[in-house]
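Here is a short briefing to read alongside the sequence and the 3D view. Take a moment to get your bearings, and then come along for a tour by topic.

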Amino acid sequence: MNLPERPVVAEEQLRYARVLEWGARIGLAAAVAAFALYVSGVLPGRVPLEELPALWSLPLAEYLQRSATPLGWGWVKLAIYGDFASIVGIAILASVSVACLAAVLPVYARRPDRVYLVLCILAIGVLVLAASGILVVKH
Amino acid sequence: MTDPNRPRRCRVPTALPAVAIVVVALSMVACAPDAMAADVPDVGAGLAWWVWPLALFVVCFALGIVAVPAGVGGGVLFVPIVGGFFPFHLDFVRGAGLLVALASALAAGPNLLRVGLADLRLALPLAVLASASSIVGALVGLALPSAMVQTALGITILAIVALMASAKKSEFPEVAAPDRLSAALAIHGVFHDVARGENIHWQVRRTPLGLVLFTGIGVLAGMFGLGAGWANVPVLNLVMGAPLKVSAGTSSFILSLVDSSAAWVYLNQGAVLAIIAVPSVAGMMLGARIGARLLTVLKASVVRRLVLVLLTVAGLRALLKGLGIWI
């Protein structure tokens with residue numbers, strides 16, 4: 001019996017998959033490594049671990065005030081502390097899709113597939129807008 | 001010669017969660033005596049700080065095991081259960097819930113794309129709208145009073161239970177002709193169905209309606225941190241007519257974009273606590289791996305019923321907590 005030939009997967013999907021795979025690995029590894037250093041005490045937290053149970057049940061606005069946590073990208077400056085170092089890995093995970101979309105742009109541009117080129121740029125724009133910190137809720 | 005479309009075995013991602021768990025668990029256990037000796041202030045149940053992330057890891061591991069055979073994403077289980085029965089504020093639970101759903105989607109994405117079960121042409125138009133609306137949902141969710149969000153979450157979870165219990169699935173929906181928009185965007189494809197041993201050609205219908213529904217789904221995903229596979233799959237499969245496997249694969253891929261946008265809003269608002277997010281992500285990912293292996297052993301219908309009961313209890317708990325009846 002002749003089995004049907006497997007369908008060819010589009011070049012952009014394979015490229016997207018490659019970037020996604022590596023980005024997710026790096027993000028997860030960074031988050032877990034930093035977290036291990038944090039909870040083992042190697043990297044001290046900005047908010048001491050022992051104080052967290054008194055804070056994590058508070059509403060966000062009250063938590064931010066009592067822990068003096070900055071909004072937006074202010075956490076980057078605090079990445080020397082264990083709790084914020086772990087956020088770096090999480091931020092990588094949340095940014096992987098931008099890298100993937102950017103990687104497939106040249107494929108759509110070369111084809112040319114203007115509609116999907118624009119859709120990719122729009123998707124990147126939405127993610128960058130979300131990450132920009134421009135859109136914040138004032139408490 | 002190697003087949004470029006053949007899913008490759010990835011040893012690092014499969015090993016990484018396991019290594020991660022061991023490292024995290026050992027770290028927490030290693031510092032536990034210090035924590036106990038430090039005379040920790042009794043808050044909530046009066047337990048030391050490290051008990052909660054450890055419990056969170058164990059619970060998420062268990063949720064990850066049942067999520068795969070039940071055919072649901074981790075986020076929809078995580079938020080109501082952890083929000084209802086752990087001492088963390090719902091704002092932080094929703095932030096972690098989005099990351100749980102995001103990490104699962106990112107981990108599954110590469111293979112789904114390589115075998116054609118996630119389709120970029122189908123996903124992109126829907127994901128652009130859904131990720132934009134998820135930002136709105138996240139901002140609204142963080143601005144509303146907690147009790148209101150908790151009540152709305154309870155109602156949403158109970159509605160999801162009703163949807164999951166009643167929704168039919170169509171493995172290969174009949175789409176006689178594509179709609180004009182999907183034809184213009186060339187949204188169609190072919191995938192190899194291993195079970196049938198044949199290539200399945202597919203096309204979609206009602207794309208404008210799909211776009212509207214995905215905009216609404218994005219708002220809910222951002223507002224409650226639920227992920228949205230429970231809604232994505234029925235819309236792709238039943239409304240738009242994509243085959244069930246393509247719907248499930250593409251849904252997971254769309255989640256990776258939608259949850260990234262919403263997760264950034266929570267990150268920038270300071271609503272992501274590493275102590276909650278990292279054990280949850282690690283536990284859920286390891287559990288999901290075990291769940292995938294148990295897929296052939298466990299009876300999916302029984303697990304699905306168990307999950308529906310769990311979700312009903314968690315949904316009622318969220319509703320009653322929001323209404324101030326069961327704090």
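The notes below go from the interface between the chains to local details.

Please keep in mind that this is a predicted model. Chain A and chain B bury about 6,600 Å² between them, and 71 residues of chain A are in contact with 78 residues of chain B. Over all chains, a search of the whole structure finds nine salt bridges.

**The interface between chain A and chain B**

- Of the roughly 6,600 Å² buried between the two chains, 73% is on carbon and sulfur atoms.
- Two salt bridges are counted between chain A and chain B.
- In a salt bridge at 3.1 Å, N to O, the side chain of B:Arg114 meets that of A:Glu21.
- There are also 12 residue pairs in polar contact between chain A and chain B, with both residues at pLDDT 80 or more.
- On the side of chain A that touches chain B, the elements giving two or more residues are helices H1 (11-39), H2 (52-55), H3 (60-67), H4 (82-110) and H5 (114-132) of chain A.
- H1(A) provides the largest share of that side, with 18 residues.
- Sorted by class, the side of chain A that touches chain B has 51 nonpolar, 10 polar and 10 charged residues.

- A:Arg25 and A:Glu21 are four residues apart in helix H1 of chain A, so about one helical turn separates them.

**A helix pair in chain B**

- Helix H8 (residues 207-224) and helix H9 (residues 229-239) of chain B have axes that come within 10 Å and cross at roughly 175 degrees.
- H8(B) and H9(B) are therefore roughly antiparallel to each other, as the crossing angle is over 145 degrees.
- From H8(B), the contact is made by B:Leu209, B:Gly210, B:Leu213, B:Phe214, B:Ile217 and B:Leu220.
- From H9(B), the residues making the contact are B:Trp230, B:Ala231, B:Asn232, B:Val235, B:Leu236 and B:Val239.
- By class, this contact of H8(B) with H9(B) has 10 nonpolar and two polar residues, and no charged ones.

**Backbone details to look at**

- Most residues other than glycine have a negative phi, and most peptide bonds are trans.
- The peptide bond from A:Arg111 to A:Pro112 is cis, with omega near -10 degrees.
- A:Pro112 sits in the loop between H4 and H5 of chain A.
- B:Ala186, a residue other than glycine, has a positive phi, near 55 degrees.

Technical notes: Residues numbered from 1 in each chain as written. Chains lettered and ligands numbered in written order. Predicted model: local features only at pLDDT ≥ 70, side-chain atom pairs only at ≥ 80, totals over all residues. Heavy atoms only, no water. Contact = heavy atoms within 4.5 Å. Buried area = accessible area lost by both parts, 1.4 Å probe. Salt bridge = Lys/Arg side-chain N within 4 Å of Asp/Glu carboxyl O. Polar contact = N/O pair within 3.5 Å; in protein donor to acceptor, adjacent residues only side chain to side chain. Nonpolar A, V, L, I, M, F, W, Y, C, P; charged D, E, K, R; others polar. Axes fitted to C-alpha atoms, helices over the stretch in contact; angles between N-to-C directions. Parallel < 35°, antiparallel > 145°, perpendicular 65-115°, else oblique.
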